[in-house]
Amino acid sequence: MFERTYNIKAVPASRPRVTRSHRVYYTKTYTKFREDWQAITRKDWPAIQAEMENTHEYAFNFEIYFAKHPRADLDNITKALQDSLMNASAILDDNFCTDLHGVKHSDTGLNQIKLRIWRIK
């Protein structure tokens with residue numbers, strides 16, 4: 001099982017935007033979070049990849065702590081966390097996630113993400 005706590009404020013995934021010239025982009029806040037999340041988790045990618053090795057089912061469990069009450073849906077936060085790790089190739093395919101559990105804590109005075117990933121099969 002991979003388990004680690006990160007000191008970072010979670011940001012929910014935003015919908016992609018399209019310019020008049022048909023270029024797709026995401027909001028600056030979400031783009032910055034994805035970059036920061038990848039940077040803060042980079043040293044752990046080998047451990048996450050080792051947990052994912054030769055598996056076709058895994059569990060993705062997280063707890064999000066917000067200093068203040070957020071305007072963020074849990075499903076969009078899940079998408080942001082998983083997509084960022086998948087884009088970094090730490091997780092090979094999020095379709096293999098068969099057990100997903102998330103908890104959001106508000107007004108805790110701190111911004112943290114506690115992440116747990118483990119192999120099922």
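Which residue in β6 is the bridge partner of Tyr-65? Gln-112 is the bridge partner of Tyr-65 in β6. Before the rest, some conventions. This is a predicted model, where local features need pLDDT of at least 70, side-chain atom pairs count only at pLDDT 80 or more, and totals for chains, interfaces and linings use all residues. Residues are numbered from 1 along each chain as its sequence is written, and side-chain values use heavy atoms, with hydrogens and water left out. Helices (H or I, at least four residues) and strands (E, at least two) are DSSP runs, numbered from the N terminus.

Now β4, residues 58-65. Of its 8 residues, 8 are buried, meaning under 20% relative accessible area with a 1.4 Å probe, protein chains only. In a regular strand, side chains alternate between the two faces of the sheet. On one side of β4, Tyr-58, Phe-60, Phe-62 and Ile-64 are buried, and on the other Ala-59, Asn-61, Glu-63 and Tyr-65 are buried.

Next, the neighbours. Two strands pair if DSSP finds at least two bridges between them. β4 pairs with β6 (residues 112-119) in the antiparallel sense over 8 bridges. With β5 (residues 97-105), β4 pairs in the parallel sense, also over 8 bridges, and Phe-62 stands opposite Gly-102 there.

Last, the helices. α1 (residues 28-41) packs on α3 at an angle of about 60°, with the axes 10 Å apart; axes are lines fitted to C-alpha atoms over the stretch in contact, and angles run from 0 to 180 degrees between N-to-C directions.

Terms used: Buried means under 20% relative accessible area, exposed over 50%, partly exposed in between (1.4 Å probe, protein chains only).
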